[in-house]
Every structure is written in C-alpha cells, then in structure tokens.
Amino acid sequence: MRVFMSLLKLNLNLNFGISDLKYRFTKEKKKRWEPVLVVLGVIIGFVPLIVFYSIFLNGVFSVGLTLNQPELVLVIAFLSGQLVVFVFGIFYIMSTFYFSKDLNALIPLPLKPYQVLGSKMVVVMVNEYITLLPILLPSVIIFGTRTGQGFLYWIKALLLILASPVIPLVLDALLVLVLMRFINLRRSKDLLSVVVGLLGMFIGLGINFIVRRIPKGNEQEFLRNILTSQSGMIKLISQRFPPSLWATLGLSRQGLEGAGYLALFIVVSILLFLVLIWLGNKIFYKGVLSGQEIVRKKKAFSTEEANRKYGKFSTPVLAILRREWMLLLRTPVYFLNGLVGVIIGPFILVFMFFTGNQSSELDQLISVLQNESLSVYVTLGGLGLALFTAGMNVAASTAVSREGKTFWIAKMIPVPPKQQVMGKYINGFSVSEIGVLLTAILLAAFLKISIVKTLVIIILGTLGAMLLSVLNLLIDVLHPKLVWNNPTEAMKQNMNGLLGMLISMLVLFILAGITILMLIKGLSEWLIYIVLGAVMCIASIISFKGLFAVAERQYMKIEV
Amino acid sequence: MINIKGVSKSYNKSGIKAVDNLNFHVRPGEIFGFLGPNGAGKTTTIKMIVGLLNPDEGSITIKGFDNQKQPIEAKRNIGYVPDNPEVYDRITGIEYLNFLGDVYQVPPDIRKERIRYFLEMFDLTDAASDLIKSYSHGMKQKIIITGALLHDPALWVLDEPMVGLDPKSSHLLKELMRKHCEKGNTVFFSTHILEVAEKLCDRIGIIHKGKLIAIGTMEELRKGDNIESLENIFLELTEQ
C-alpha cells in the first residue's frame with residue numbers, strides 16, 4: 001500500500017504540475033502570472049456556461065414537478081455526466097494507460113501491474129471530477145434546495161458525486177484493456193488522435209446546433225415537449241445504464257430505500273474497480289509491451305527511386321516551407337488545430353449566424369440582404385468574417401515554438417533568420433488564406449453575393465490575412481516557447497496562440513473603426529475598399545520590416 | 001581553423017562562470033580532442049563555437065570568420081553533431097537529408113553521391129524512407145552525422161559522437177575523422193573515452209571548472225614521462 005500511495009502521489013503531482021507550480025512561485029517568479037492567467041481564463045469562459053446550464057436545470061426541475069417527477073433533474077445530470085465520462089473516458093484511458101511516456105520508466109520498476117494501473121486510474125478519476133462537478137453540482141443543489149432536503153441528503157450527495165466517475169471509467173478501462181490486449185492500436189496512434197479530435201469538434205458543433213434550436217422565450221414549453229414526448233427515451237437510456245437511476249433514487253428517496261440504492265451504487269462501483277484491478281494485474285503489461293515494437297517499412301529504394309529522392313534541389317526558403325508543411329500535416333495536434341480549425345471554422349461561423357432563425361425568416365433575411373443598397377455592408381461584413389477566421393489560426397503564432405528542441409538546427413543552418421521566418425510566414429499565411437477563401441465562398445453561396453463582391457472579399461481578405469500572419473508570427477519570434485515535451489504544449493498550451501488571436505482581434509477592431517468612420521463620412525463604396533486595401537498593404541510592409549529586424553536579433557539572441 | 005580569444009560564459013546571471021577566459025586555437029589538418037569532467041564546460045564551449053550560445057566576452061573565429069559578426073559564413077564551414085540527437089521526428093531520414101542539402105545548397109549530383117555513400121556506410125539505406133520517429137538512438141545519431149557532413153564542411157564539431165554508436169559505426173566514424181583531416185580539414189570533438197582520445201587525437205585540451213588546464217600533443221602532456229597514460233594525466237590534472 002505504501003508503494004501504491006507513493007506512486008499515486010507522484011502521478012498526482014505530475015498530473016497537476018504541483019512541483020512545477022511551486023518552482024514557478026518560489027524560483028522562477030517571472031512566469032508566476034501564467035497559471036493565474038489560465039485559471040482566470042477558465043473562470044471567465046466557464047462561469048456563463050454554468051449559469052446558463054443551471055437556469056436550464058431549474059427549468060427541468062419545474063417541468064419535472066408538474067409531471068410529478070421532481071427527480072428528473074437528477075436523472076438528467078447523472079446520466080449526462082456519466083455518459084460524458086464514459087465517451088471521453090475511453091480515449092483518455094487509452095492515452096494514459098498505453099500512450100504515456102512514463103510507462104517506459106515505470107515498467108522496469110519492481111511494481112505490480114495493478115499498482116501502476118490503479119494509480120493511473122485514480123489520476124484519471126480525479127481529473128474527471130473536474131468535468132463532473134459542473135455537470136452534477138448544479139442539479140444536486142437545485143434539487144436539494146428546492147425540495148428542502150436535510151443534512152443526510154448532502155452527505156449522500158457527496159458520496160455519490162465522489163463515486164460517480166467510477167462505473168463509467170471502469171467500464172471504459174475494461175473495454176480498453178481487452179481491446180489493447182488483442183489489437184495493436186499504438187500503431188495507428190496518430191490516426192486515433194485525429195479521429196478523437198474530429199469527434200470532439202463534431203460533438204461541439206452538434207451541441208451548438210441543438211442549443212440554437214431552442215426557441216427564445218419558450219424554453220419551458222420546449223423542455224416540456226421534449227421531456228413528455230421523449231421521456232421514454234430518457235427512461236430507455238437509464239434502463240440501459242441503471243447506475244444513473246440508482247444514484248438518482250439513492251439521493252431522492254428517503255430512509256431505507258434511499259440508503260439501499262446508495263449502497264447498491266457504491267458496492268457495484270467498488271466491485272467493478274476490484275474486477276479491473278484483478279484483470280489489469282493479469283493483462284495490463286501484456287498489452288503495453290505488445291505495442292512497444294516500432295513499425296518500419298523496411299523497404300529499400302530502387303536505384304531509380306533513390307536517384308529521384310536523393311537528388312531533389314530547391315532554395316532554402318522553399319526547403320523550410322516544405323518542412324513546415326510536412327510537420328504541420330503529420331503531427332496530429334498541429335494538423336487539427338492548425339489546419340482542420342480553419343477548414344471547419346468557416347462552416348461553424350455560417351452555422352452560428354444562419355441556423356438560429358427559422359427558415360422563413362432566413363429566406364427573408366437573404367432577400368433583404370440582396371438589396372443593392374446593403375451590398376456594401378454585406379461585403380464588409382463578409383470581409384470581417386473572413387478575417388476573423390484568418391485571425392483565429394494559430395499556425396503562424398506558434399511557428400517558432402513548434403521547433404522546440406530541434407531549434408538548434410535553425411541556429412546551425414547557414415540560412416539567414418530573415419529567410420527562415422519567410423518560409424514559416426508563407427506556411428502560416430497559406431493556412432490563413434484557406435480560411436479566407438472558404439469563408440468567402442461559403443458566404444457567397446449562402447447569401448448569393450455577386451462574383452465581383454466575392455472577389456473584393458477575397459482580395460481584401462488576402463491582404464488582411466497577410467497582415468495578420470506577419471503580426472502573429474512576430475509574436476512568436478519575440479517570445480517563442482521552445483521548451484516542451486509534447487507537441488500539444490507547443491500549440492494548444494502556448495500563450496502566443498492566445499496572444500495572436502487577441503492581436504488579430506485588435507487589428508480587426510481598428511480596421512472596423514476606420515471603415516465605420518469612412519461610412520459615416522459617406523465615402524463611396526469602392527473608395528472604402530481601396531482605402532482598406534491600402535491601409536492593410538502599408539501596415540503589412542511596415543510589419544514585415546519589423547518582423548525581419550526582430551528575427552535577425554532574436555535568432556542570434558536565443559540560446560539553446 | 002578555430003581561434004578562441006578570451007571567451008567567458010556564465011549562466012543565469014549567477015556570476016559562476018561555466019567557461020572562464022578561454023584562449024586557444026585549433027589548426028587546420030588536426031584532430032583536436034576536448035576532455036574534461038562532467039560539468040567542466042565542454043558542451044558550453046562547443047555550443048559557443050558553433051553559435052548555439054553567445055559568449056559573454058571574447059571572440060571566436062572559424063576559418064577567419066567571426067561567428068558573432070559573420071554567422072552565416074562561419075556556419076557554412078561547420079558540421080555539428082550535438083550530444084543528444086533531437087531531430088524532426090515526423091519527417092523521414094531522406095527528407096531530413098534533402099532539407100539539409102537544400103539549406104546548405106549542396107548541388108544535386110554531389111548530394112546524391114554523398115547521401116548514398118553515407119547511408120550505405122552507416123547501413124541506413126533501408127531505413128531512409130521511414131520517419132525518424134521510428135529510429136533508435138544510434139540511428140538518429142548516424143542520420144545527424146550524415147546531415148552534418150553532407151556539405152563537406154572544413155570543420156567538424158562533434159559533441160560526444162561515440163555515445164550510442166555500435167562498435168562498427170564508431171570505428172567508421174573514427175576513420176572518417178582521420179580521412180577528413182588528411183585532406184587538411186579539422187575535427188574538434190569532446191569525449192569521455194580517453195583511449196579514443198589518446199589514439200586518435202593530434203592534440204588534446206583538458207578543461208576543468210571552466211578553465212583550460214592543459215593543451216598539447218600526448219608527448220607534451222606527458223612532459224617526457226613516457227609511460228604515463230592519458231587516464232593518469234587526466235586524473236592528476238582534474239583532482240583539485
């Protein structure tokens with residue numbers, strides 16, 4: 001047990017970066033603000049979401065009362081909470097159990113497989129509380145306060161919340177353990193990450209779509225319809241997954257009945273956990289070790305092929321550009337966040353703007369927007385959206401950071417920093433340009449914008465994307481994050497990405513301000529486009545000069 | 001070939017000098033072995049020579065080019081192999097070599113010939129079309145060595161090059177180093193394997209606590225005492 005606890009302590013420490021935080025707050029004081037900022041960002045991002053969700057649950061409770069089923073709110077929360085844990089848990093468990101780097105250090109230690117597995121399982125569970133708490137807590141509080149529950153209710157609630165991730169996660173883990181014993185998924189790890197990433201994006205889109213379907217002002221009515229007409233569905237799902245029902249009944253029923261369901265829930269959780277530990281001890285290491293071999297094509301070149309491959313020749317800038325593209329396309333995190341983002345982004349934008357309304361209203365809107373006198377606003381609005389997509393792209397704002405430990409190569413090669421950032425710039429700009437083109441084409445198709453105006457959006461969008469890409473790259477050249485162990489840290493956990501978006505938004509605000517000023521002054525439509533184009537060109541040229549000067553200095557200054 | 005004048009470097013503004021007022025030069029046509037205990041300043045010195053670190057004081061010239069003032073010219077003349085092989089892991093070996101061929105502007109014919117020569121020599125031909133991610137430590141080391149020598153630089157700078165190499169590759173590398181110097185070029189490398197240094201090097205420098213404490217041929221280091229091994233000299237010198 002002592003061994004297990006010390007392993008668990010280490011794993012929790014690594015998971016939450018406790019030593020790293022301590023170091024930051026005591027030694028490396030300059031970086032103290034980073035975690036604070038992250039926490040602040042999370043709070044700002046999530047509080048409105050939780051408030052919205054709580055209002056929704058409160059509605060569910062009221063509807064449940066009229067149906068004489070006040071515990072409906074608890075069923076929904078436990079069911080959706082456990083479902084979320086179950087769905088995302090599969091991938092989470094797969095990556096912590098089989099893909100994490102620390103396995104190579106842990107396997108040679110004199111530890112039992114169940115100790116390693118158990119400690120990893122507990123870490124996953126603790127992490128899932130962060131997901132579960134916002135889902136469960138509001139409904140538990142709403143039910144508890146609105147039905148005036150006593151002290152015992154809150155104790156039971158605490159136990160249930162603590163135990164709630166166990167069953168779905170153990171089911172995931174059993175599934176994964178058996179799967180990995182027989183199928184070698186490590187080989188297709190990259191594919192797996194892309195699939196998971198895409199799945200996440202589509203689930204996000206789906207939720208967005210559903211939420212937008214709720215008619216404004218009639219939420220109660222809508223809920224009642226769903227719950228009465230489809231209560232069969234909820235029942236069906238909870239029958240398939242009875243633990244959620246046990247949790248609900250354990251919490252809502254009084255006396256012995258409640259205690260019985262509570263006990264059932266907890267005993268089943270513990271039993272399942274023990275089964276996992278038992279099975280894990282038998283097959284966990286086998287699955288891990290069978291995936292360790294590295295696949296190789298082991299195919300020699302033919303002479304002809306060799307001649308072709310060995311003798312390519314291009315300029316340094318093109319060579320760097322090609323390298324940037326290869327790494328962007330082949331690293332799942334870069335591919336998803338750098339490229340898939342700008343491709344899906346425009347679709348999301350169009351969805352957000354045009355799916356909230358009823359279709360008749362939409363037709364009306366489109367016909368109104370076709371009015372010639374409004375065309376300048378439509379074009380400028382379209383340009384705004386196109387530049388928004390371009391500005392949200394992090395390919396440029398993480399371009400230097402992504403080099404990480406290989407930055408020594410950038411310092412070694414006899415290619416002036418100016419040319420190196422040029423290669424990176426073309427890469428980042430072309431990614432943004434995909435976003436601009438897609439947005440323009442989608443909008444043109446959706447709002448029936450004329451070809452000329454679509455071209456205006458594309459040309460001005462391209463000029464804007466050029467400017468935004470320089471500024472984004474400049475941020476990363478100024479302060480690249482070169483120390484990381486996992487590509488995710490270089491792209492998603494990189495402040496420069498966020499900073500780049502902020503700068504892009506700032507530029508958009510300034511451009512919007514200039515445009516509004518020109519509209520107020522009554523400038524002609526084409527003059528407005530020309531002025532905007534000129535402003536973006538001049539700003540790009542100035543920024544380019546800045547970028548080159550900074551690159552020359554920074555590449556020299558950065559030591560590796 | 002390498003001229004180091006009054007070079008000092010300290011980390012983290014702590015004032016403790018990792019390298020303290022280094023002065024020496026390495027001549028064309030010689031293999032120079034750079035020795036020292038752990039943390040003596042070997043890697044720091046090497047990184048300053050190749051331009052990965054900037055000295056706080058002093059200057060370093062490579063083939064007459066100051067590596068701070070004319071970095072590109074200096075870099076063209078250097079082939080560097082770092083002590084830990086960190087390369088882009090999601091490109092293939094051949095893509096990596098072609099990338100370096102492009103940035104060093106090695107003409108296609110010469111590039112083709114050299115790539116084939118090194119890949120065959122290091123037994124990497126079959127693995128060249130695999131992602132570097134799938135390579136072993138030694139294979140990564142060998143692909144980096146190949147990349148560093150592709151443009152046939154006048155100066156090779158190798159940081160612990162034998163670590164991770166199998167006996168055959170290690171032997172081949174030593175032969176390459178010898179041949180390279182016979183053509184009037186220079187090899188500068190650090191190592192902990194004193195036997196290698198003793199047999200291979202024309203001259204040896206020993207660094208200790210950031211200071212160069214000895215430099216010269218084996219005979220000069222022995223100071224006439226013919227039986228003393230490099231190991232004994234090294235241990236005596238670095239005892240304080």
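Predicted model: local features only at pLDDT ≥ 70, side-chain atom pairs only at ≥ 80, totals over all residues.
**View 1. The fold of chain B.** Let's start with the secondary structure: chain B contains nine helices and 10 strands. Its radius of gyration is 18 Å, close to the 18 Å that the globule rule gives for 240 residues, so chain B is as compact as a globular protein of that length. Along the principal axes, the C-alpha atoms of chain B occupy a box of roughly 50 × 40 × 30 Å.

**View 2. Inside chain B.** Here we turn to burial and contacts. Buried residues make up 59% of the 240 in chain B. If you take the contacts in chain B between residues at least 6 apart in sequence, 68% of them link residues at least 24 apart.

**View 3. Cysteines without disulfides.** Searching the whole structure, over all chains, turns up zero disulfides. C201(B) takes part in no disulfide: the nearest cysteine sulfur belongs to C181(B) and is 9.4 Å away, while a disulfide would need the two sulfur atoms within 2.5 Å. Is C201(B) buried or exposed? C201(B) is buried, with a relative accessible area of 10%. For C537(A), the relative accessible area is 32%, which makes that residue partly exposed.

How values were computed:
Residues numbered from 1 in each chain as written. Chains lettered and ligands numbered in written order. Heavy atoms only, no water. Helix = DSSP H or I, 4+ residues; strand = E, 2+ residues; numbered from the N terminus. Rg over C-alpha atoms; globule rule 2.2 N^0.38 Å. Buried < 20%, exposed > 50% of the residue type's maximum accessible area, 1.4 Å probe, protein only. Contact = heavy atoms within 4.5 Å.
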